[in-house]
Amino acid sequence: MAREKGVVLLDFWVSPFGQRVRIALAEKGVDYEYKEQDLINKSEHLLKSNPVYKKIPVLLRDGKPISESLIIVQYIDEVWSNKAPLLPAEPLARANARFWADFIDKKVYECGTRLWKLVGEEQEAAKKEFIEIFKLLQGELGDRKFFGGETFGFLDLALVPFVAWFYAYETFAKFSMDEECPKIVAWAKRCMERESVSKTLSDPNKVYEFVLFLKKKFGVEY
Amino acid sequence: MGEEVKLFGSYASPFSSRVELALKLKGVSFENIKEDLANKSALLVQYNPVHKKIPVLLHGGRPVIESLIILEYIDETWDGNHAILPKDPFERALACFWVKFIDDKVLRALWMSCRSEGEMQKNFMEQSKEYLELLENELKGNKFFGGDAIGIVDISANFIALWAIVLQEVAGISLINEEKYPILCNWIEEFLSSEVVKESLPEKEKLFAYFHAKKEVIFANKAPAY
């Protein structure tokens, strides 16, 4: 089989991790082919491209695959370095951005999942943790326009896809992000003014329906 | 760069050992501060308020945390000699992938294989074998994961070269052995034969005594305690 030329993205429509990559590609103005994946019956292409984790997103360039969303984003930043720099130039600022992106990776999705998967006391505990995580992030943002300062960057795109999940999380766990973390909500609105973000993020209602589908699938009361 | 460099680490930690090794490979002089993890210093908590963990690298008074992030910082800051990461973007992405795999999956599987029992241990050992096989293949017959020279993947795999070997001895199991993983075992030999590596590692006998003495306590805890 001849190596497929150009940039191909193996992804799943609602995945915040895949959306990070899509935002990065859009910011850089890169042409690519999007291939929606069936995560229940995984394709040969996906299994061959990410044999270790068998997960999306996977970016292929001339047939050579790269996995793990933040690694893919950094690769995109290095290859298409002539436009819209995502990571800061200075090593200390880069280390700081990587630290918070790693923090987001370790905490947000897993805690968010507990918000809809659990009920009662366990859900309450997850809610407290979720709010704490975002209060820390809010502290890191401070009064800046973006996490990257004046310009939208790596850390902004690492976090922003999860904003589409706020409505679902708030509804199931009964709280308001606007009340708890107003600066994060304001930041999210500013991010949505960028076409790369507004065209990529899922409609929160569609995310809500998707989580409802997952709840039914996992037999969680709703 | 003339600014002062300090490393907050601990004697038995593979994570601070990684940073020590990277600094030594680059020829950077630094002050090596060993923390007592049972009594964390006020300075450590000040520099790493989010996680309160070692290692912390202090460069001109500014902290950098998380061992792998520190390694990237060191490579970018002292970029003259001994590249820790490949220059080519694709090769860099691959190296970062394997580093993440080692940290997210391999370390935990090996640690849990040594600290659990019964069915749980069986599962972790199966997982470990799968991962070790992947690493064996990734070496592709090279001396190091980085090719001819020690790179970021080798540095991150330090746990496998020493801690995993000691822990499996203490637990009385044999996961990493020459019969199953000849290339990986050869890598361990090459890695441990480097003078710079030897200087940044704790002594095997001391590490064995440490884990053996604390066997009951450490193995009862959920998280690795270095």
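Chain B works out at 12 helices and 4 strands. The model is a predicted one, so everything below is computed from predicted coordinates. Laid along its principal axes, the C-alpha trace of chain B covers about 50 × 40 × 30 Å. The radius of gyration of chain B is 17 Å, and that agrees with the value near 17 Å that a compact globule of 226 residues would have. As for how the chain contacts itself, take the contacts in chain B between residues at least 6 apart in sequence: 70% of them join residues at least 24 apart.

Helix α8 of chain B runs over residues 163-171 and is mostly covered, with 7 of its 9 residues buried. The buried ones in α8(B) are B:Trp163, B:Ala164, B:Ile165, B:Val166, B:Leu167, B:Gln168 and B:Val170. After α8(B) comes B:Gly172, which has a positive phi, near 75°.

Next, the interface. Here 24 residues of chain A are in contact with 24 residues of chain B. Of the area that chain A buries against chain B, 26% is supplied by A:Tyr53, A:Leu92 and A:Phe99, more than by any other three residues. Between them, chain A and chain B bury about 2,100 Å², and carbon and sulfur atoms account for 72% of that. Charged pairs turn up as well: the rule finds 6 salt bridges across the interface of chain A and chain B. In one salt bridge, B:Glu66 pairs with A:Lys106, and the closest N and O atoms sit 3.8 Å apart. That distance is inside the 4 Å cut-off, so the pair counts as a salt bridge. Polar contacts between chain A and chain B come to 5 residue pairs, both partners being at pLDDT 80 or more.

Where does the side of chain A that touches chain B come from? At least two residues each are supplied by β4 (64-67), α3 (69-79) and α4 (91-117) of chain A. The largest share belongs to α4(A), with 11 residues. Sorted by class, this side of chain A has 13 nonpolar, 8 charged and 3 polar residues.

A:Ser67 is placed in strand β4 of chain A. Its relative accessibility is 7%, so A:Ser67 counts as buried, the limit being under 20%. Not counting residues up to four places away in sequence, A:Ser67 touches A:Ser49, A:Asn50, A:Pro57, A:Val58 and A:Ile72, along with B:Phe97 from the other chain.

A:Tyr109, for its part, lies in helix α4 of chain A. At 31% relative accessibility A:Tyr109 is partly exposed, because that value falls between the 20% and 50% limits. Leaving aside neighbours within four places in sequence, A:Tyr109 is in contact with A:Pro16, A:Phe17, A:Ile104, A:Phe162 and A:Trp165. A:Trp165 is 56 residues from A:Tyr109 along the chain, and the C-alpha atoms of the two are separated by 9.7 Å.

How values were computed: Residues are numbered from 1 along each chain as its sequence is written. Chains are lettered from A and ligands numbered from 1 in the order in which they are written. This is a predicted model: local features need pLDDT of at least 70, side-chain atom pairs count only at pLDDT 80 or more; totals for chains, interfaces and linings use all residues. Side-chain values use heavy atoms; hydrogens and water are left out. Contact means heavy atoms within 4.5 Å. Buried area is the accessible area (1.4 Å probe) that two parts lose on being put together, summed over both. A salt bridge is a side-chain nitrogen of Lys or Arg within 4 Å of a carboxyl oxygen of Asp or Glu. A polar contact is a pair of N or O atoms within 3.5 Å; within protein, one must be able to donate a hydrogen and the other to accept it, and residues adjacent in sequence count only if both atoms are side-chain atoms. Ala, Val, Leu, Ile, Met, Phe, Trp, Tyr, Cys and Pro count as nonpolar, Asp, Glu, Lys and Arg as charged, and the others, Gly among them, as polar. Buried means under 20% relative accessible area, exposed over 50%, partly exposed in between (1.4 Å probe, protein chains only). The radius of gyration is taken over C-alpha atoms; the globule rule is 2.2 Å times the number of residues to the power 0.38.
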